[in-house]
Amino acid sequence: TLTGLIIAGWGWLTNLIVYLIEEFNVKSIDATQISNVVNGSINLIPIIGAVLADSFLGSFHVVSISSFFSLLGIIALTLTATLSHLRPQHCGTGSTLCHAPSKLQLAVLYTGIALASIGLGVVRFTLASLGANQFDSPEDQGVFFNWFFFIFYSACVVSSLGIVYVEDSISWGLGFGMCAAFNFLGLVIFFLGNRFYRHDKPQGSPYTSLARVIVAAIRKRNVLVSSESKYYYHEINDGANKAVAATPKRSFRFLNRAALITEGDISSDGSIAKPWNISSVQQVEDLKTLIRILPLWASTVFLATPIVIQTNMTILQALAMDRHLGPNFKIPAGSITVVVLISSAIFIALFDQFLYSTWQSLTGRSLTPLQRIGAGHVFNILSMAISALVESKRLNVAHDNHLQDQQGGAAAVVPMLALWLFPQLIVVGMGEAFHFPGNVSLYYQEFPVSMKSTATSMISIVIGVAFYVSTAVVDLIRNVTGWLPDDINDGRLDNVYWTFVVLGLLNYGYFLLCAKFYKYQNLEQEAEVNTQI
């Protein structure tokens with residue numbers, strides 16, 4: 001199921017920049033900005049799916065509906081590629097007389113992109129939650145996430161190589177049509193496996209209970225906090241949850257007032273009489289957990305932002321470089337970032353099979369999610385430095401061959417192999433093999449039980465915010481500097497990369513500070529239970 005849906009979604013998304021430039025006559029930097037907005041939306045939409053899955057519909061129904069939306073969107077994109085009146089007249093290479101798309105053409109294009117984005121955005125991480133729900137222990141769930149991302153990246157590789165090649169070399173219509181076929185196949189397989197799944201049951205909105213904690217704490221701001229358990233409210237099912245303490249923890253003590261029992265809060269039968277005036281100890285601790293994770297979450301946003309910009313700019317670099325492998329094969333520009341996917345898939349498997357087990361045998365403990373995320377930071381900074389050096393060399397070659405100030409806006413092809421881009425992409429893939437599964441494991445294991453779909457969507461939200469931040473950063477750089485003109489041969493993309501090396505070091509320092517003061521909640525409790533057993 002995951003393979004079919006990801007091949008379908010990645011097939012149109014990976015090549016979107018090239019499609020906009022070549023088929024809809026969009027300028028290169030504008031195309032990357034559109035791509036940023038689309039990718040940002042795709043990665044923010046999962047929170048909507050998570051809310052629906054956790055609170056109302058369950059993961060199975062959310063995946064089913066979003067997959068159907070994806071299918072409709074890809075069909076619309078296929079129509080724009082196959083029907084000539086749904087796209088503008090083709091703009092010749094170097095021509096300055098390019099026709100802009102009409103309102104109807106843009107309406108169909110953006111409708112297709114919107115529907116396909118909703119489907120791809122929601123299905124990925126909701127499907128991850130549904131899969132993790134099939135396992136009970138955090139260790140098994142961690143292994144599942146490693147292999148979930150391995151399959152995810154492998155499907156992206158197949159799509160980026162196969163589907164994108166068909167789109168670039170044979171036909172956009174055929175390529176998008178293949179995406180629709182894979183989407184349909186994945187949906188059918190998903191339905192066929194329905195009777196084997198362990199279905200999660202929605203338990204009402206956990207977000208309402210979190211809001212009640214804040215409201216109750218504010219209303220009781222003048223009540224003295226007690227250290228005795230008998231003065232705090234515990235729900236009946238709290239006792240079965242090993243994550244619940246007898247009294248709220250001392251951190252964020254202001255919130256502890258929300259669980260204090262005052263006159264009129266509890267009915268004679270033990271039920272809550274005023275829902276917005278009291279919360280359980282469990283609900284208070286759930287909110288504290290989210291607050292503790294937020295600083296780490298913020299550091300991941302600024303980890304992902306350089307990766308987003310690097311991905312888009314690498315495609316523009318590839319368009320301005322020699323992409324031939326031998327006399328007859330030319331690497332599609334949209335496929336160049338497949339190196340990241342291949343690298344990530346390979347290193348996720350290698351780390352899971354060798355590195356993590358070796359680390360455990362040497363140290364006697366597993367590599368923690370925060371340690372894995374920290375390693376990802378280091379590799380990301382290294383990748384930015386390599387990117388800066390490679391781009392500096394490319395600009396020197398362009399200058400030596402007088403390939404600057406070309407007419408028509410598009411950058412001239414520099415006599416330098418696109419293979420030079422591979423090292424930076426391999427290194428960023430190694431970083432993703434550390435920090436993406438690490439982040440998902442951290443959120444899933446630390447978040448409240450009632451918010452597991454939200455937990456797996458948190459990394460997607462990080463990426464979505466990063467895409468919007470990257471859009472703002474690129475606009476700022478274009479307005480303040482001359483580093484990013486439409487013709488990148490006239491710019492200084494290398495300076496952009498060096499800037500992110502510096503910002504990456506600062507962000508890494510911030511992450512280390514947050515990690516130093518962070519205390520695991522559910523992981524520590526799981527370890528305590530295992531020790532007792």
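A cavity is a set of points, on a 1 Å grid over the protein atoms alone, where a 1.4 Å probe fits but cannot get out. Grid points are joined across faces, edges and corners, and a volume is the space filled by probe spheres set on the points. With that in hand, a search of the whole structure finds 3 cavities of 30 Å³ or more.

This is a predicted model, in which local features need pLDDT of at least 70, side-chain atom pairs count only at pLDDT 80 or more, and totals for chains, interfaces and linings use all residues. Residues are numbered from 1 along each chain as its sequence is written, and side-chain values use heavy atoms, with hydrogens and water left out.

**The largest cavity**

The largest cavity has a volume of about 610 Å³. Its lining has 31 residues, and the closest to its centre are W10, N39, T311, E432 and F467. A lining residue has an atom within 4 Å of a point.

Which helix gives the most to this lining? The answer is α10, with 7 residues. Helices here are DSSP runs (H or I, at least four residues), and strands are runs of E (at least two), numbered from the N terminus. Among the helices that each supply at least two lining residues are α1 (2-13), α3 (28-44), α10 (281-319) and α14 (452-480).

By class, the lining has 21 nonpolar, 8 polar and 2 charged residues. Nonpolar means Ala, Val, Leu, Ile, Met, Phe, Trp, Tyr, Cys and Pro; charged means Asp, Glu, Lys and Arg; the others, Gly among them, are polar.

**The domains**

The chain is assigned domain 1 (1-89 + 99-203), domain 2 (206-279) and domain 3 (285-519). These bounds come from an automatic or database domain assignment. Domain 1 and domain 3 both give residues to the lining of the largest cavity, so the cavity lies between them.

Domain 2 and domain 3 have centres 42 Å apart, taken over C-alpha atoms. They also touch: 11 residues of domain 2 are in contact (heavy atoms within 4.5 Å) with 10 residues of domain 3.

**A helix and its end**

Helix α12 covers residues 369-400, which is 32 residues. The expected span of a helix is 1.5 Å times one less than its number of residues.

α12 is followed by H402. H402 sits in the loop between α12 and β4 (414-417). Its phi is near 55°, a positive value in a residue other than glycine. F252 also has a positive phi, of about 50°, and is not a glycine. F252 lies in the loop between α9 (206-219) and α10.

**Buried or exposed?**

Buried means under 20% relative accessible area, exposed over 50%, and partly exposed in between (1.4 Å probe, protein chains only).

| Residue | Relative accessible area | State |
|---|---|---|
| F252 | 39% | partly exposed |
| H402 | 66% | exposed |
| N507 | 9% | buried |
| A114 | 38% | partly exposed |

What does N507 touch? Not counting residues up to four places away in sequence, N507 touches S299, F302, L303 and H377. N507 is found in helix α15 (residues 493-517).

A114 is found in helix α6. A114 and F69 are 45 residues apart in sequence. In space, their C-alpha atoms are 9.2 Å apart.

Definitions and conventions:
On a 1 Å grid over the protein atoms alone, a cavity is a set of points where a 1.4 Å probe fits but cannot get out, and a pocket is an open set with protein on both sides within 12 Å along at least five of seven lines; lining residues have an atom within 4 Å of a point.
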